[in-house]
Amino acid sequence: MLVQDRALPKSPKPPQIRTLPTLQQNRFSEPKNLDFSTWVSDNFYRIITILVLIATVAAVFFLYTSTDSASLLCLQSQTQRAMDSISLPQINWNSIKPIADKISPYANFRSEQWVVVSVSTYPSDALKKMVKIKGWQVLAIGNSRTPRDWSLKGAIFLSLDMQANLGFRVVDHLPYDSYVRKSVGYLFAIQHGAKKIFDADDRGEVIDNDLGKHFDVELVGEGARQETILQYSHDNPNRTVVNPYIHFGQRSIWPRGLPLENVGEIGHEEFYTEVFGGKQFIQQGISNGLPDVDSVFYFTRKSGLEAFDIRFDEHALKVALPQGMMVPLNSFNTIYHSSAFWALMLPVSVSTMASDVLRGYWGQRLLWEIGGYVVVYPPTVHRYDRIEAYPFSEEKDLHVNVGRLIKFLVSWRSNKHRLFEKVLELSYAMAEEGFWTEQDLKFTAAWLQDLLAVGYQQPRLMSLELDRPRANIGHGDRKDFIPRKLPSVHLAVEETGTVSSEIGSLIRWRNNFGNVVLILFCNGPVERTALEWRLLYGRIFKTVVILSAQKNSDLAVEEGQLDQIYKHLPKIFDQFSSVEGFLFLEDDTILNYWNLLQADKTKLWIADKVSMSWTTASISGNSDWYSKQADMVNKVVGTMPVHFQVNYKEVVRGDKSLTICSSEIFYIPRRFVADFVDLVNLVGHLEIHQKVAIPMFFLSMDSPQNYDLVLSKMVYKPELPSANASSTHYSAQAPAVHPWKVSSEQEFIKLIRIMAEGDPLLMELV
């Protein structure tokens with residue numbers, strides 16, 4: 001699958017400076033008797049105002065000159081945190097001005113049924129057939145890769161220039177060369193009378209060229225099918241996601257967006273229930289040929305250059321999802337009814353192949369708030385496998401976060417009284433949790449305002465069934481359906497009931513470290529390596545926070561100086577208050593995560609048993625730097641609470657030596673986070689070096705005999721004798737390897753190929 005790269009969004013417009021009104025001078029009145037009592041009476045309020053002003057100035061002066069500056073530092077710290085925090089956009093829902101189409105050639109055109117598709121090349125054969133579907137208007141959305149002379153009879157084409165002139169707020173947030181520009185198309189269709197939108201791509205041929213034959217296009221009125229729909233059972237409240245491909249006859253396949261830990265669940269349903277039709281506002285179709293699969297499946301289940309031609313059971317019954325249970329959704333074979341148009345928004349801050357999947361889970365959760373549900377349908381389109389590169393890098397946000405996202409969404413609750421307020425609140429919560437960035441929060445605000453501006457009416461809320469006691473499923477309520485087991489030529493899952501060993505290992509690593517945050521400091525050029533590091537480690541850890549000497553907002557790289565980077569860590573700890581722990585790593589040290597499974601994540605980890613990393617230096621005979629650092633350490637130790645000071649002095653007997661650790665890698669579990677923050681606060685403005693502060697902190701927090709020994713076997717050398725020695729220096733059996741320099745994509749590829757000895761799936765990244 002050829003995936004387009006995302007371009008940077010437009011820079012926001014500079015804020016306009018409002019001119020403050022000038023005060024007019026008071027006009028003079030007739031002179032009065034100026035005895036003192038009369039003057040005080042006439043000017044009483046002015047006197048009080050002047051006294052308050054004087055008191056305020058005095059208080060500020062005292063605050064800045066007070067010898068106890070702790071309160072001021074606290075105030076400044078709180079202010080900085082407030083500036084760094086994500087803020088919820090404030091929207092006046094009643095003052096949004098309408099946006100009318102006054103400039104396009106289609107200003108007076110109206111249609112209730114639209115097909116929205118992104119186009120980057122000249123019209124495909126599938127798209128040429130799609131414009132002939134009776135009753136549906138095709139809307140093609142261009143991007144920076146679309147040929148300028150693109151045209152197709154029967155289709156409406158919106159070029160970049162036309163999109164920019166429509167007046168939609170969302171345009172300012174969209175990358176130029178990505179399919180997520182379809183968000184403009186959704187708004188255009190709604191503006192021109194849409195009641196149903198088929199979200200499609202240009203490689204899928206609608207089977208029999210009839211959408212109404214496969215989907216429930218009509219939910220009300222004469223054309224609606226008044227019927228009950230088979231539904232997955234809610235008997236197990238802990239089951240929050242399902243693989244729908246099993247229901248349609250293919251157990252060996254899983255959809256893109258299914259958490260990898262759920263891949264091995266291949267058994268068919270013990271029983272189903274039923275639900276009355278009419279509120280299946282989102283309808284997901286199955287694709288024959290090349291179904292919606294992730295790159296892990298594509299690379300591990302494909303033999304040679306033979307194209308996939310996978311078939312599903314076209315006679316299987318459509319199946320609904322109850323509240324509390326989700327399914328992956330995509331953007332190329334899905335119908336949205338008007339009640340769910342708000343759920344069409346494609347996130348812009350996540351990787352390309354993650355955008356529609358995250359949208360789908362986000363939309364499903366909010367769909368429950370209006371009593372709606374998702375239904376999955378038998379094959380509706382046939383997509384052709386073009387046998388093109390299917391980059392794992394474009395799915396990194398899926399394999400990193402999707403399992404945690406589903407759990408978060410099922411547990412999320414809101415007390416807001418209007419749907420759009422809930423939509424904005426959930427987008428805010430997802431930004432806070434790191435599932436997407438503040439960019440998508442702002443995009444959500446723009447999207448919701450644009451929806452109202454084109455005349456969309458937000459649906460009314462319904463009571464949430466999740467919060468009601470679940471009814472017992474009686475024998476008469478159980479419905480049987482045994483999926484067919486269709487022929488499959490793919491590996492492992494169908495034949496053995498287990499996933500391949502490589503995927504199984506990836507799942508184990510992810511399960512072990514999926515609630516640990518990796519904090520990576522980049523010494524090298526972040527513009528060349530930041531995405532690569534996230535790609536490598538983001539598959540394993542909850543998230544990867546990257547720090548560097550220079551901030552790069554476009555790559556989500558935060559600024560911090562390595563010499564005192566420990567002072568930046570408490571801010572990161574605050575952002576992830578529910579994780580198991582934090583692993584710090586410099587980019588010149590390689591982490592062999594497959595060798596860390598036995599480590600205790602409730603203990604401290606550091607290379608204190610690695611002699612070249614952890615040393616004790618005498619102050620005498622060394623440079624002034626050592627004595628100055630030792631003086632500051634002694635000053636901090638003297639102010640430590642008793643439990644820190646006792647721990648430290650049990651190991652460090654005198655004040656004539658200095659403990660130094662290179663500190664390229666260390667781990668802090670949740671139970672020591674508060675202690676670490678307290679110690680950072682004790683250091684304050686003292687310029688204690690990272691290599692001195694970290695061992696001081698660790699010795700103060702706990703006795704070295706209680707540290708986990710996992711890093712004691714790391715490969716460590718101060719420096720390599722030559723650039724060509726790196727291949728022999730690396731060991732896949734060690735927990736970590738130092739040093740290793742990566743400053744370009746070529747060096748990263750070399751590293752990946754060497755690390756593949758421990759993680760064979762890494763070869764799919766290069």
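Reader: Quick one to start. Which residue stands opposite V115 in strand 2?

Author: V138 does. Keep in mind that this is a predicted model.

Reader: How does the chain get from strand 1 to strand 2?

Author: The chain crosses through helix 4, residues 125–130. This β-α-β crossover is right-handed.

Reader: How many bridges join strand 1 to strand 2, and do they run parallel or antiparallel?

Author: Five bridges join them, and the two strands run parallel. Strand 2 covers residues 137–141.

Reader: What about strand 4? How many bridges join strand 1 to it?

Author: Four bridges. Strand 1 and strand 4, residues 196–200, run parallel too. Within strand 4, K196 is the bridge partner of Q113.

Reader: Is strand 1 mostly covered or mostly open?

Author: Mostly covered. Six of its six residues, 113–118, are buried. Q113, V115 and V117 point one way. W114, V116 and S118 point the other way. Both sets are buried.

Reader: Let's zoom out. How many helices and strands does the protein chain have?

Author: The chain has 23 helices and 22 strands.

Reader: And what share of its residues count as buried?

Author: Of 766 residues, 56% are buried. On contacts, take those between residues at least 6 apart in sequence. Of these, 80% join residues at least 24 apart.

Reader: Switching to helix 13. How far apart are its end C-alpha atoms?

Author: They are 23 Å apart. Helix 13 has 16 residues, 438–453, and at 1.5 Å a residue it should span 22 Å, so the two values agree.

Reader: Why call helix 13 largely enclosed?

Author: Because 12 of its 16 residues are buried. The buried residues include F443, W447, L448 and L451. D440, Q449 and D450 are also among them.

Reader: What covers those buried residues?

Author: The cover includes helix 6, residues 182–191, and helix 12, residues 419–433.

Reader: Which residue with a positive phi follows helix 13?

Author: G455 does, with a phi near 100 degrees.

Reader: Another spot. Where is S287 found?

Author: S287 is in strand 8, residues 282–289.

Reader: Is S287 buried or exposed?

Author: Buried. Its relative accessibility is 4%, and the cut-off for buried is under 20%, so S287 qualifies.

Reader: What does its side chain do with N333?

Author: The side chains of S287 and N333 are joined by a polar contact of 3.3 Å. Leaving aside neighbours within four places in sequence, S287 is also in contact with F312, F332, V381 and R383.

Reader: Remind me, what is a disulfide?

Author: A covalent bond between the sulfur atoms of two cysteines.

Reader: Are C522 and C661 buried or exposed?

Author: C522 counts as buried, because its relative accessibility is 2%. C661 is at 1%, so C661 counts as buried as well.

Reader: Last topic. In what order do the three strands of the open sheet come?

Author: The order is 16-22-21, with mixed pairing. Strand 16, residues 590–591, and strand 21, residues 715–716, are the edge strands. Each of them pairs on one side only.

Reader: How do strand 16 and strand 22 pair?

Author: They pair in the antiparallel sense, over two bridges. Strand 22 covers residues 736–738. Its V737 is the bridge partner of I590.

Technical notes:
Residues numbered from 1 in each chain as written. Predicted model: local features only at pLDDT ≥ 70, side-chain atom pairs only at ≥ 80, totals over all residues. Heavy atoms only, no water. Expected span 1.5 Å × (residues − 1). Buried < 20%, exposed > 50% of the residue type's maximum accessible area, 1.4 Å probe, protein only. Contact = heavy atoms within 4.5 Å. Pairing = 2+ DSSP bridges. Polar contact = N/O pair within 3.5 Å; in protein donor to acceptor, adjacent residues only side chain to side chain. Right-handed = clockwise from strand over helix to strand, strands pointing away.
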